[in-house]
Protein chains: 2
Amino acid sequence: MTTDCLNCPLRQRPVFEPMKGNELDFMRKFKTGELEINAGTTLMLEGTNSPQLYTALKGMGLRYKTLKSGERQVINFVLPGDFIGLQAGVMQEMQHSVEATTDMKLCVFDRKNLWRLFRDCPERAYDLTWLAAVEEHLLGENLAILGHMNGLRRIASAFVRLHDRGAALGLAHNGRMPLPYKQQDLADALGLSLVHTNKTLRHLRKGGAVRWMNGQLEVLDYDLLCGIAGLDPGRRAILRPLI
Amino acid sequence: MTTDCLNCPLRQRPVFEPMKGNELDFMRKFKTGELEINAGTTLMLEGTNSPQLYTALKGMGLRYKTLKSGERQVINFVLPGDFIGLQAGVMQEMQHSVEATTDMKLCVFDRKNLWRLFRDCPERAYDLTWLAAVEEHLLGENLAILGHMNGLRRIASAFVRLHDRGAALGLAHNGRMPLPYKQQDLADALGLSLVHTNKTLRHLRKGGAVRWMNGQLEVLDYDLLCGIAGLDPGRRAILRPLI
DNA sequence: CGTTGAATTGACAAGTTTCAAGTCTTGTGG
DNA sequence: CCACAAGACTTGAAACTTGTCAATTCAACG
């Protein structure tokens with residue numbers, strides 16, 4: 001038995017824009033089921049299309065592009081609440097792949113109903129566009145990070161932002177949250193070599209700002225970490241819709 | 001007298017998805033006028049909202065973020081056909097600024113009519129989301145470029161992609177097109193220092209692949225340039241809608 | 001145990017930034 | 001018409017950051 005959208009535990013989180021009555025009704029029809037996948041599963045493959053769209057409910061994953069050289073650029077980390085497959089939905093095909101890092105549970109939608117969403121539920125269509133705009137904003141921030149920060153600041157920024165996302169989802173407690181990625185994943189996200197990432201992690205650990213071991217992130221000194229990252233510790237998360 | 005959407009010269013370009021009859025009708029009502037601005041004008045400012053949305057018709061501009069340190073990350077180059085202000089439209093405020101590099105002519109829409117677009121013209125709403133997805137794709141590519149390429153390849157990639165965009169818009173002839181930016185703009189887009197950008201440009205010039213002087217880009221050897229950039233010379237532009 | 005994948009470390013090479021200075025172009029006012 | 005100022009572009013040298021190569025350690029697993 002799948003969870004009814006009515007009781008969706010994610011929706012209650014204050015990061016997500018509340019749904020109006022008819023939106024919720026629509027989503028209950030739009031949702032076609034749930035999917036559980038194992039760690040390591042490729043959910044979407046760059047260059048292909050997918051008959052399904054998803055919202056992550058549990059677990060974590062990665063969006064990435066594979067370059068001609070065989071290298072990998074991690075575009076973003078996938079956490080609960082993230083919508084997956086918008087590109088496949090509106091464009092011809094995915095421009096990046098999505099892979100499950102841990103076991104995941106996903107909410108499943110049919111791509112062929114996407115047009116009905118635009119036609120019958122403009123509120124949800126608006127939210128979908130909003131979500132795309134938020135995504136664009138986040139990528140813009142990533143770009144600025146890669147373009148203007150050295151390794152230390154990049155990693156500090158990544159940790160602050162992951163921690164904030166985790167906190168907004170209720171995954172973080174006292175600065176600790178699960179972060180089940182490999183150093184290579186982080187390196188590929190930040191455009192750093194594995195070796196340099198490793199050495200910088202040690203540096204941060206010795207500095208007492210943050211530790212990341214055995215898939216656990218521990219933010220020991222949030223203000224210090226924000227200081228290294230050049231981020232304002234008081235800034236607010238952007239409100240976004242949940243699809 | 002402003003141009004009627006019926007005769008919009010941009011719309012004819014094959015890069016843009018053709019509009020269906022009712023879409024065109026809707027756009028004629030949605031458009032509230034045209035705006036001409038001088039080079040140097042800031043069209044949208046990060047952190048503010050704008051009552052208007054635009055589509056660039058003529059001229060070129062820049063989207064950029066200003067970092068706390070005062071540095072600038074150029075997110076993208078604005079060319080004719082680009083939609084400006086989606087973030088302001090759906091989110092609370094712009095997350096980046098937009099500035100005119102040359103004199104520009106823009107098609108103007110009222111932000112307050114955006115909701116009507118979603119309600120009354122789902123086709124256009126769909127296209128707007130599509131556009132956001134394309135934007136996300138482009139940013140993802142930029143990210144991969146910053147993350148994995150050295151200065152030479154970054155600049156080569158930027159030139160190939162600008163050239164292709166220009167060619168699709170009919171701005172390029174025999175590999176030549178206007179590119180009225182400063183070296184500093186390119187450096188800020190690619191996350192390179194001005195000095196290194198300059199030296200790398202000389203390197204490319206000497207190699208005979210491409211020249212960029214006096215606001216003119218001359219692609220002398222497209223295949224060579226693609227080779228440096230690590231791009232496939234035969235790849236196709238992504239079809240996208242025009243708003 | 002041996003194997004595998006991940007994390008760690010040191011040494012060196014390469015790429016990039018920073019600093020500092022000089023040139024070229026353009027527009028302006030005397 | 002010339003002198004000057006401002007902005008963009010160019011260049012060289014030194015310092016620094018980061019990548020690459022090569023080994024080693026560590027933990028999990030059959």
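Mentor: Keep in mind that this is a predicted model.

Trainee: How many residues from domain 1 of chain A and from domain 2 of chain A take part in the contact?
Mentor: Domain 1 of chain A puts in 18 residues and domain 2 of chain A puts in 17. About 1500 Å² is buried between domain 1 and domain 2 of chain A, and carbon and sulfur atoms give 64% of that.

Trainee: Why is the pair Asp188(A) and Arg72(A) called a salt bridge?
Mentor: The rule wants a side-chain nitrogen of Lys or Arg within 4 Å of a carboxyl oxygen of Asp or Glu. Here the closest N and O atoms of Arg72(A) and Asp188(A) are 2.9 Å apart, so the pair qualifies. The count between domain 1 and domain 2 of chain A is three salt bridges. Nine residue pairs are also in polar contact across that interface, both partners being at pLDDT 80 or more.

Trainee: Which strands of chain A each supply at least two residues of the domain 1 side that touches domain 2?
Mentor: Those are strand 4 (61-66) and strand 5 (72-78) of chain A. Strand 5 of chain A gives the most, with six residues. By class, that side of domain 1 of chain A has 10 nonpolar, five polar and three charged residues.

Trainee: On to the DNA. What makes the approach of Ser193(A) to DNA strand D a polar contact?
Mentor: The pair has to be N or O atoms within 3.5 Å. A polar backbone atom of Ser193(A) is 3.0 Å from a phosphate oxygen of DNA strand D, so the pair passes.

Trainee: And how do you know that His196(A) and Gln183(B) pass against DNA strand D?
Mentor: For His196(A), a polar side-chain atom lies 3.2 Å from a phosphate oxygen of DNA strand D. For Gln183(B), an N or O atom in the side chain is 2.4 Å from a phosphate oxygen of DNA strand D. Each distance is within 3.5 Å, so both count. Two elements give two or more residues to the surface near DNA strand D: helix 7 (194-207) of chain A and helix 7 (194-207) of chain B. Helix 7 of chain B gives the most, with five residues.

Trainee: Which residues come nearest to DNA strand D?
Mentor: Of the 14 residues around DNA strand D, Gly151(A), Ser193(A), Lys182(B), Gln183(B) and Asn198(B) do. By class, the surface near DNA strand D has three nonpolar, seven polar and four charged residues. Of the atoms of DNA strand D within 4 Å of the protein, 68% belong to sugar or phosphate, and the rest to bases.

Terms used
Residues numbered from 1 in each chain as written. Chains lettered and ligands numbered in written order. Predicted model: local features only at pLDDT ≥ 70, side-chain atom pairs only at ≥ 80, totals over all residues. Heavy atoms only, no water. Contact = heavy atoms within 4.5 Å. Buried area = accessible area lost by both parts, 1.4 Å probe. Polar contact = N/O pair within 3.5 Å; in protein donor to acceptor, adjacent residues only side chain to side chain. Helix = DSSP H or I, 4+ residues; strand = E, 2+ residues; numbered from the N terminus. Nonpolar A, V, L, I, M, F, W, Y, C, P; charged D, E, K, R; others polar. Near = heavy atom within 4 Å.
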